[in-house]
Amino acid sequence: MPLPKPNLPGTYIFDGGLSNKGYALNKMCYSFNNVTAREAFMADEAAYCDQFGLSDAQKKAILDRDIIGLLSEGGSIYYLAKFAGLLKLNMQDIGALQTGMSVDEFKEMLRKNGAGE
Amino acid sequence: MAKIIGAVTTSHIPAIGMAMDNKLEQTPYWKPFFDAYPPVRAWLNEKKPDVVVIFYNDHGLEFFLDRKPTFAIGTAAQYLNADEGWGINTIPPVTGETELSWHIATDLVENEFDITICQEMRVDHGLTVPLSLMWPGHAYGHVKVIPVCINCERYPMPTPARCFKLGQAIGRAIESFDQDLNVVLFGTGGLSHQLDGERAGFINREFDIDCMNKIVTAPEELTKLSNYDLMEIGGAQGVELNMWLAMRGALTGNITELHRNYHAPISNTGAGLLLLEHEH
(Lines give C-alpha, C1' and ligand atoms only; values in the text may rest on other atoms or scores of the structure.)
Protein backbone atom coordinates (compact mmCIF):
# COMPACT_ATOMS: atom_id res chain seq x y z
CA MET A 1 0.00 0.00 0.00
CA PRO A 2 1.31 3.48 -0.79
CA LEU A 3 2.08 5.60 2.28
CA PRO A 4 -0.82 7.81 3.41
CA LYS A 5 -0.40 11.28 1.97
CA PRO A 6 0.32 13.75 4.77
CA ASN A 7 -1.68 16.93 5.15
CA LEU A 8 0.97 19.60 5.32
CA PRO A 9 -0.63 23.07 5.20
CA GLY A 10 0.72 25.29 2.42
CA THR A 11 2.20 22.33 0.51
CA TYR A 12 0.81 20.88 -2.72
CA ILE A 13 2.00 17.29 -3.12
CA PHE A 14 2.58 16.85 -6.83
CA ASP A 15 1.46 13.27 -7.39
CA GLY A 16 -0.48 11.40 -10.07
CA GLY A 17 -3.73 13.22 -9.35
CA LEU A 18 -2.29 16.70 -9.67
CA SER A 19 -0.07 15.57 -12.56
CA ASN A 20 -3.19 14.48 -14.48
CA LYS A 21 -5.06 17.65 -13.59
CA GLY A 22 -2.16 19.91 -14.54
CA TYR A 23 -0.88 18.13 -17.63
CA ALA A 24 -1.91 20.76 -20.21
CA LEU A 25 -0.81 23.62 -17.96
CA ASN A 26 2.59 22.04 -17.33
CA LYS A 27 2.99 21.20 -21.00
CA MET A 28 2.42 24.83 -21.89
CA CYS A 29 4.95 25.99 -19.29
CA TYR A 30 7.44 23.34 -20.50
CA SER A 31 7.18 24.92 -23.95
CA PHE A 32 8.63 28.14 -22.44
CA ASN A 33 12.09 26.55 -22.69
CA ASN A 34 11.84 27.74 -26.27
CA VAL A 35 12.19 31.46 -26.99
CA THR A 36 9.68 31.38 -29.85
CA ALA A 37 7.11 29.91 -27.45
CA ARG A 38 7.77 32.65 -24.93
CA GLU A 39 7.28 35.27 -27.62
CA ALA A 40 4.07 33.62 -28.85
CA PHE A 41 2.70 33.60 -25.29
CA MET A 42 3.57 37.25 -24.73
CA ALA A 43 1.94 38.21 -28.04
CA ASP A 44 -1.43 36.68 -27.08
CA GLU A 45 -1.58 34.98 -23.69
CA ALA A 46 -5.17 33.73 -23.87
CA ALA A 47 -4.78 32.30 -27.36
CA TYR A 48 -1.58 30.53 -26.33
CA CYS A 49 -3.38 28.97 -23.32
CA ASP A 50 -6.18 27.80 -25.66
CA GLN A 51 -3.66 26.22 -28.00
CA PHE A 52 -2.59 23.91 -25.15
CA GLY A 53 -6.17 23.23 -24.00
CA LEU A 54 -5.95 24.76 -20.54
CA SER A 55 -9.12 24.62 -18.42
CA ASP A 56 -10.90 27.89 -17.67
CA ALA A 57 -9.54 27.83 -14.10
CA GLN A 58 -5.98 27.27 -15.31
CA LYS A 59 -6.25 29.98 -17.91
CA LYS A 60 -7.63 32.45 -15.36
CA ALA A 61 -4.81 31.65 -12.93
CA ILE A 62 -2.24 32.23 -15.70
CA LEU A 63 -3.78 35.55 -16.71
CA ASP A 64 -4.06 36.61 -13.04
CA ARG A 65 -0.47 35.49 -12.17
CA ASP A 66 -2.11 33.49 -9.36
CA ILE A 67 0.66 31.09 -8.34
CA ILE A 68 -1.36 29.38 -5.58
CA GLY A 69 -4.21 28.97 -8.07
CA LEU A 70 -1.82 27.38 -10.56
CA LEU A 71 -0.55 24.94 -7.92
CA SER A 72 -4.15 24.02 -7.01
CA GLU A 73 -4.87 23.41 -10.69
CA GLY A 74 -2.00 20.94 -10.99
CA GLY A 75 0.96 23.15 -11.82
CA SER A 76 4.37 21.70 -11.00
CA ILE A 77 6.76 24.27 -9.53
CA TYR A 78 9.46 23.17 -12.03
CA TYR A 79 7.36 24.36 -14.97
CA LEU A 80 5.74 27.25 -13.11
CA ALA A 81 9.30 28.52 -12.54
CA LYS A 82 9.61 28.86 -16.32
CA PHE A 83 6.36 30.87 -16.38
CA ALA A 84 7.73 33.04 -13.56
CA GLY A 85 10.99 33.53 -15.45
CA LEU A 86 9.08 34.64 -18.50
CA LEU A 87 7.48 37.33 -16.30
CA LYS A 88 11.00 38.26 -15.04
CA LEU A 89 10.13 37.08 -11.53
CA ASN A 90 12.70 35.24 -9.40
CA MET A 91 12.09 32.75 -6.58
CA GLN A 92 11.87 35.49 -3.94
CA ASP A 93 9.24 37.31 -6.01
CA ILE A 94 7.32 34.05 -6.36
CA GLY A 95 7.70 33.35 -2.64
CA ALA A 96 6.30 36.77 -1.81
CA LEU A 97 3.34 36.26 -4.16
CA GLN A 98 2.51 32.91 -2.57
CA THR A 99 2.86 33.97 1.05
CA GLY A 100 1.21 37.38 0.71
CA MET A 101 4.37 39.12 1.96
CA SER A 102 6.31 41.92 0.32
CA VAL A 103 9.51 40.74 -1.38
CA ASP A 104 11.56 42.38 1.38
CA GLU A 105 9.51 40.64 4.07
CA PHE A 106 9.97 37.31 2.30
CA LYS A 107 13.73 37.84 2.03
CA GLU A 108 13.87 38.70 5.73
CA MET A 109 12.02 35.48 6.54
CA LEU A 110 14.57 33.55 4.47
CA ARG A 111 17.39 35.26 6.33
CA LYS A 112 15.86 34.37 9.71
CA ASN A 113 15.16 30.80 8.71
CA GLY A 114 18.67 30.43 7.30
CA ALA A 115 20.19 31.79 10.50
CA GLY A 116 18.05 29.45 12.59
CA GLU A 117 16.44 32.41 14.40
CA MET B 1 40.77 -1.10 -11.62
CA ALA B 2 38.73 2.09 -11.36
CA LYS B 3 38.87 3.78 -7.97
CA ILE B 4 36.48 6.18 -6.27
CA ILE B 5 38.88 8.71 -4.78
CA GLY B 6 36.37 11.09 -3.29
CA ALA B 7 33.08 12.92 -3.39
CA VAL B 8 31.66 16.41 -3.22
CA THR B 9 28.22 17.61 -2.17
CA THR B 10 27.05 20.96 -3.44
CA SER B 11 23.98 23.06 -4.09
CA HIS B 12 23.02 23.38 -7.75
CA ILE B 13 20.48 26.20 -7.73
CA PRO B 14 20.27 28.43 -10.84
CA ALA B 15 20.86 31.62 -8.82
CA ILE B 16 24.48 30.45 -8.30
CA GLY B 17 25.05 30.20 -12.04
CA MET B 18 23.46 33.61 -12.56
CA ALA B 19 25.65 35.11 -9.80
CA MET B 20 28.73 33.73 -11.60
CA ASP B 21 27.47 35.07 -14.94
CA ASN B 22 27.14 38.51 -13.35
CA LYS B 23 30.42 38.32 -11.38
CA LEU B 24 28.72 38.75 -8.01
CA GLU B 25 30.87 36.20 -6.14
CA GLN B 26 32.52 38.78 -3.88
CA THR B 27 29.39 40.80 -3.05
CA PRO B 28 28.34 40.57 0.63
CA TYR B 29 25.39 38.32 -0.17
CA TRP B 30 27.40 35.72 -2.11
CA LYS B 31 30.84 35.88 -0.52
CA PRO B 32 30.16 33.44 2.37
CA PHE B 33 28.97 30.92 -0.20
CA PHE B 34 31.64 31.24 -2.91
CA ASP B 35 34.57 31.63 -0.51
CA ALA B 36 34.08 28.01 0.54
CA TYR B 37 34.83 26.60 -2.94
CA PRO B 38 38.56 27.25 -3.58
CA PRO B 39 39.73 24.34 -1.35
CA VAL B 40 37.47 21.96 -3.27
CA ARG B 41 38.73 23.29 -6.62
CA ALA B 42 42.32 22.93 -5.42
CA TRP B 43 41.70 19.30 -4.40
CA LEU B 44 40.11 18.50 -7.78
CA ASN B 45 42.98 20.17 -9.62
CA GLU B 46 45.50 18.22 -7.57
CA LYS B 47 43.78 14.83 -7.86
CA LYS B 48 42.74 15.29 -11.50
CA PRO B 49 39.89 12.78 -11.64
CA ASP B 50 39.37 11.11 -15.02
CA VAL B 51 35.63 10.75 -14.53
CA VAL B 52 32.99 12.52 -12.48
CA VAL B 53 29.66 10.82 -11.80
CA ILE B 54 27.09 13.55 -11.12
CA PHE B 55 23.88 12.71 -9.26
CA TYR B 56 21.34 15.42 -10.09
CA ASN B 57 17.70 15.95 -10.91
CA ASP B 58 16.31 17.34 -14.14
CA HIS B 59 13.97 20.31 -13.64
CA GLY B 60 12.09 20.14 -16.92
CA LEU B 61 14.74 20.52 -19.58
CA GLU B 62 15.28 16.96 -20.86
CA PHE B 63 12.39 15.21 -19.19
CA PHE B 64 8.74 16.24 -19.19
CA LEU B 65 5.91 14.50 -17.33
CA ASP B 66 4.99 12.43 -20.41
CA ARG B 67 7.93 10.06 -19.85
CA LYS B 68 9.88 10.80 -16.76
CA PRO B 69 12.31 8.15 -15.58
CA THR B 70 12.66 7.40 -11.88
CA PHE B 71 16.39 6.83 -12.44
CA ALA B 72 18.34 7.58 -15.64
CA ILE B 73 22.00 7.33 -16.65
CA GLY B 74 23.74 8.91 -19.63
CA THR B 75 26.13 6.97 -21.86
CA ALA B 76 26.82 9.69 -24.43
CA ALA B 77 30.14 11.12 -25.61
CA GLN B 78 28.81 14.63 -25.12
CA TYR B 79 25.98 16.43 -23.36
CA LEU B 80 24.47 19.75 -24.33
CA ASN B 81 22.96 22.35 -22.05
CA ALA B 82 20.07 24.42 -23.42
CA ASP B 83 17.73 27.34 -22.71
CA GLU B 84 15.76 26.58 -19.54
CA GLY B 85 13.37 29.47 -20.04
CA TRP B 86 14.32 31.90 -17.31
CA GLY B 87 17.62 33.40 -18.24
CA ILE B 88 20.57 31.36 -16.95
CA ASN B 89 23.34 31.42 -19.58
CA THR B 90 23.93 28.09 -21.28
CA ILE B 91 27.37 26.54 -20.89
CA PRO B 92 29.55 24.90 -23.57
CA PRO B 93 29.17 21.14 -24.24
CA VAL B 94 30.03 18.73 -21.44
CA THR B 95 32.36 15.83 -22.25
CA GLY B 96 30.72 12.44 -21.68
CA GLU B 97 32.11 8.97 -20.95
CA THR B 98 31.09 5.99 -23.05
CA GLU B 99 32.74 2.90 -21.52
CA LEU B 100 32.46 3.05 -17.74
CA SER B 101 28.93 4.43 -18.21
CA TRP B 102 27.83 1.34 -20.18
CA HIS B 103 29.61 -0.88 -17.68
CA ILE B 104 27.64 0.75 -14.85
CA ALA B 105 24.35 0.58 -16.78
CA THR B 106 24.91 -3.10 -17.63
CA ASP B 107 25.89 -4.05 -14.11
CA LEU B 108 22.88 -2.21 -12.69
CA VAL B 109 20.34 -3.87 -14.99
CA GLU B 110 21.88 -7.33 -14.65
CA ASN B 111 21.58 -6.90 -10.90
CA GLU B 112 17.93 -5.85 -10.99
CA PHE B 113 18.34 -2.07 -10.98
CA ASP B 114 16.39 -1.25 -14.13
CA ILE B 115 17.66 2.23 -14.89
CA THR B 116 16.72 4.19 -18.03
CA ILE B 117 19.71 4.46 -20.38
CA CYS B 118 20.09 7.71 -22.34
CA GLN B 119 22.36 8.03 -25.37
CA GLU B 120 21.37 11.65 -25.76
CA MET B 121 20.18 14.00 -23.04
CA ARG B 122 20.23 17.72 -22.45
CA VAL B 123 21.63 18.50 -19.02
CA ASP B 124 20.18 21.34 -16.96
CA HIS B 125 21.38 23.53 -14.09
CA GLY B 126 21.27 20.55 -11.72
CA LEU B 127 24.40 19.30 -13.49
CA THR B 128 25.85 22.43 -15.08
CA VAL B 129 25.95 24.67 -11.99
CA PRO B 130 28.13 22.21 -10.04
CA LEU B 131 30.50 21.93 -13.04
CA SER B 132 30.74 25.72 -13.26
CA LEU B 133 31.36 25.93 -9.51
CA MET B 134 34.16 23.35 -9.54
CA TRP B 135 35.84 24.49 -12.76
CA PRO B 136 35.04 28.20 -13.22
CA GLY B 137 35.46 29.71 -16.65
CA HIS B 138 34.07 26.55 -18.29
CA ALA B 139 37.37 24.77 -17.64
CA TYR B 140 35.68 21.36 -17.24
CA GLY B 141 36.20 20.03 -20.76
CA HIS B 142 38.98 17.60 -19.76
CA VAL B 143 36.76 15.74 -17.28
CA LYS B 144 34.50 12.98 -18.51
CA VAL B 145 31.06 13.23 -16.97
CA ILE B 146 28.50 10.49 -16.30
CA PRO B 147 25.09 11.98 -15.45
CA VAL B 148 22.79 10.05 -13.13
CA CYS B 149 19.37 11.65 -12.93
CA ILE B 150 16.87 11.03 -10.11
CA ASN B 151 13.19 12.03 -10.13
CA CYS B 152 12.68 14.62 -7.38
CA GLU B 153 9.67 16.28 -8.96
CA ARG B 154 6.63 14.03 -9.10
CA TYR B 155 5.45 11.46 -6.60
CA PRO B 156 5.96 8.54 -6.55
CA MET B 157 9.67 9.31 -6.09
CA PRO B 158 12.33 6.76 -5.26
CA THR B 159 12.77 6.51 -1.50
CA PRO B 160 15.89 7.69 0.33
CA ALA B 161 16.68 4.03 1.05
CA ARG B 162 16.36 3.14 -2.64
CA CYS B 163 18.57 6.04 -3.71
CA PHE B 164 21.20 4.90 -1.24
CA LYS B 165 21.00 1.37 -2.72
CA LEU B 166 21.34 2.83 -6.22
CA GLY B 167 24.54 4.48 -5.05
CA GLN B 168 25.78 1.21 -3.55
CA ALA B 169 25.14 -0.56 -6.85
CA ILE B 170 26.90 2.19 -8.82
CA GLY B 171 29.84 2.08 -6.42
CA ARG B 172 30.21 -1.68 -6.89
CA ALA B 173 29.99 -1.27 -10.66
CA ILE B 174 32.65 1.46 -10.76
CA GLU B 175 35.05 -0.55 -8.62
CA SER B 176 34.65 -3.61 -10.83
CA PHE B 177 35.66 -1.71 -13.99
CA ASP B 178 38.90 -2.99 -15.43
CA GLN B 179 40.62 0.31 -16.25
CA ASP B 180 42.79 2.47 -14.04
CA LEU B 181 40.52 5.45 -13.69
CA ASN B 182 40.15 7.87 -10.82
CA VAL B 183 36.51 8.65 -10.23
CA VAL B 184 34.92 11.41 -8.15
CA LEU B 185 31.22 11.60 -7.30
CA PHE B 186 29.10 14.74 -6.97
CA GLY B 187 25.91 14.64 -4.91
CA THR B 188 24.08 17.81 -5.90
CA GLY B 189 21.06 19.79 -4.73
CA GLY B 190 19.47 20.43 -1.38
CA LEU B 191 19.50 21.10 1.34
CA SER B 192 16.25 22.27 2.95
CA HIS B 193 14.03 24.44 0.79
CA GLN B 194 10.49 24.87 -0.36
CA LEU B 195 9.67 26.88 -3.47
CA ASP B 196 5.94 26.23 -3.77
CA GLY B 197 2.82 27.02 -1.76
CA GLU B 198 2.06 29.18 1.24
CA ARG B 199 4.88 27.32 3.02
CA ALA B 200 7.43 28.73 0.51
CA GLY B 201 10.57 30.03 2.15
CA PHE B 202 10.85 27.17 4.61
CA ILE B 203 14.48 26.47 5.60
CA ASN B 204 15.57 24.20 8.48
CA ARG B 205 19.15 25.02 9.41
CA GLU B 206 19.30 22.49 12.24
CA PHE B 207 18.14 19.69 9.97
CA ASP B 208 20.63 20.67 7.26
CA ILE B 209 23.57 20.54 9.63
CA ASP B 210 22.33 17.23 11.01
CA CYS B 211 22.14 15.90 7.42
CA MET B 212 25.71 16.98 6.73
CA ASN B 213 26.93 15.23 9.87
CA LYS B 214 24.99 12.06 9.12
CA ILE B 215 25.99 11.95 5.47
CA VAL B 216 29.56 11.60 6.70
CA THR B 217 29.16 9.31 9.70
CA ALA B 218 25.72 7.67 9.72
CA PRO B 219 24.00 7.82 6.32
CA GLU B 220 21.88 4.75 7.13
CA GLU B 221 19.97 6.85 9.64
CA LEU B 222 18.88 9.20 6.85
CA THR B 223 17.69 6.26 4.75
CA LYS B 224 15.04 5.50 7.40
CA LEU B 225 13.20 8.69 6.42
CA SER B 226 10.43 8.69 3.83
CA ASN B 227 10.16 11.36 1.15
CA TYR B 228 7.14 12.71 3.04
CA ASP B 229 9.32 12.98 6.16
CA LEU B 230 11.90 14.90 4.13
CA MET B 231 9.17 17.16 2.79
CA GLU B 232 8.00 17.93 6.30
CA ILE B 233 11.39 18.54 7.93
CA GLY B 234 13.34 19.73 4.89
CA GLY B 235 10.66 21.42 2.76
CA ALA B 236 9.02 20.19 -0.43
CA GLN B 237 12.30 20.26 -2.36
CA GLY B 238 14.26 18.88 0.60
CA VAL B 239 13.84 15.54 -1.17
CA GLU B 240 16.94 16.51 -3.16
CA LEU B 241 18.84 14.99 -0.26
CA ASN B 242 18.27 11.79 -2.24
CA MET B 243 21.11 12.76 -4.59
CA TRP B 244 23.45 13.09 -1.63
CA LEU B 245 22.34 9.69 -0.39
CA ALA B 246 22.96 8.09 -3.78
CA MET B 247 26.46 9.57 -3.81
CA ARG B 248 27.08 8.38 -0.25
CA GLY B 249 25.87 4.86 -0.99
CA ALA B 250 28.71 4.46 -3.48
CA LEU B 251 31.34 5.18 -0.83
CA THR B 252 31.84 1.82 0.87
CA GLY B 253 35.42 2.33 2.12
CA ASN B 254 36.97 4.77 4.59
CA ILE B 255 35.99 8.41 4.40
CA THR B 256 37.92 11.47 5.50
CA GLU B 257 36.09 14.78 5.63
CA LEU B 258 38.50 17.36 4.20
CA HIS B 259 36.30 20.43 4.03
CA ARG B 260 32.81 21.69 4.73
CA ASN B 261 30.70 24.81 4.62
CA TYR B 262 27.08 25.59 5.33
CA HIS B 263 25.48 28.85 4.39
CA ALA B 264 21.82 29.90 4.35
CA PRO B 265 19.95 31.40 2.75
CA ILE B 266 21.25 31.17 -0.80
CA SER B 267 18.22 32.19 -2.80
CA ASN B 268 15.56 30.08 -1.00
CA THR B 269 17.84 27.25 0.14
CA GLY B 270 20.30 26.03 2.70
CA ALA B 271 23.58 25.38 0.84
CA GLY B 272 25.81 22.57 2.09
CA LEU B 273 29.31 21.87 0.74
CA LEU B 274 31.29 18.76 1.70
CA LEU B 275 34.56 17.38 0.35
CA LEU B 276 35.14 13.74 1.25
CA GLU B 277 38.18 11.63 0.45
CA HIS B 278 37.59 7.92 -0.01
CA GLU B 279 39.86 4.87 0.07
CA HIS B 280 39.61 1.17 0.80
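Arg65(A) is partly exposed, with a relative accessible area of 27% (buried means under 20%, exposed over 50% and partly exposed in between, with a 1.4 Å probe and protein chains only). The residue sits in the loop between helix H5 (56–63) and helix H6 (67–72) of chain A; helices (H or I, at least four residues) and strands (E, at least two) are DSSP runs numbered from the N terminus. Arg65(A) has a phi near 55 degrees, a positive value in a residue other than glycine.

The model is predicted, so local features need pLDDT of at least 70 and side-chain atom pairs pLDDT 80 or more, while totals for chains, interfaces and linings use all residues. Residues are numbered from 1 along each chain as its sequence is written, chains are lettered from A and ligands numbered from 1 in the order in which they are written, and side-chain values use heavy atoms, without hydrogens and water.

Turning to the interface, 41 residues of chain B and 45 residues of chain A take part in the contact (heavy atoms within 4.5 Å). Together the two chains bury about 3,500 Å², 59% of it on carbon and sulfur atoms; buried area is the accessible area (1.4 Å probe) that two parts lose on being put together, summed over both. Phe64(B), Glu198(B) and Tyr228(B) supply 18% of the area that chain B buries against chain A, more than any other three residues.

One salt bridge is found across this interface (a side-chain nitrogen of Lys or Arg within 4 Å of a carboxyl oxygen of Asp or Glu). Arg38(A) and Asp83(B) form a salt bridge, their closest N and O atoms being 2.8 Å apart. On the side of chain B that touches chain A, helix H9 (227–234) and strand S9 (254–266) each supply at least two residues, and H9(B) gives the most, with three.

Ser19(A), in helix H1 (residues 16–21) of chain A, is buried, at 5% relative accessible area. Beyond its neighbours within four places in sequence, Ser19(A) is in contact with Phe14(A), Leu65(B) and Arg154(B).

Chain B also has some backbone features to look at. Most residues other than glycine have a negative phi, and most peptide bonds are trans. A cis peptide bond joins Gly190(B) to Leu191(B), with omega about -10 degrees, and another cis bond runs from Ala264(B) to Pro265(B), with omega near 0 degrees. Pro265(B) lies in strand S9. Ser267(B), in the loop between S9 and strand S10 (269–279), has a positive phi near 50 degrees and counts as buried at 13% relative accessibility.
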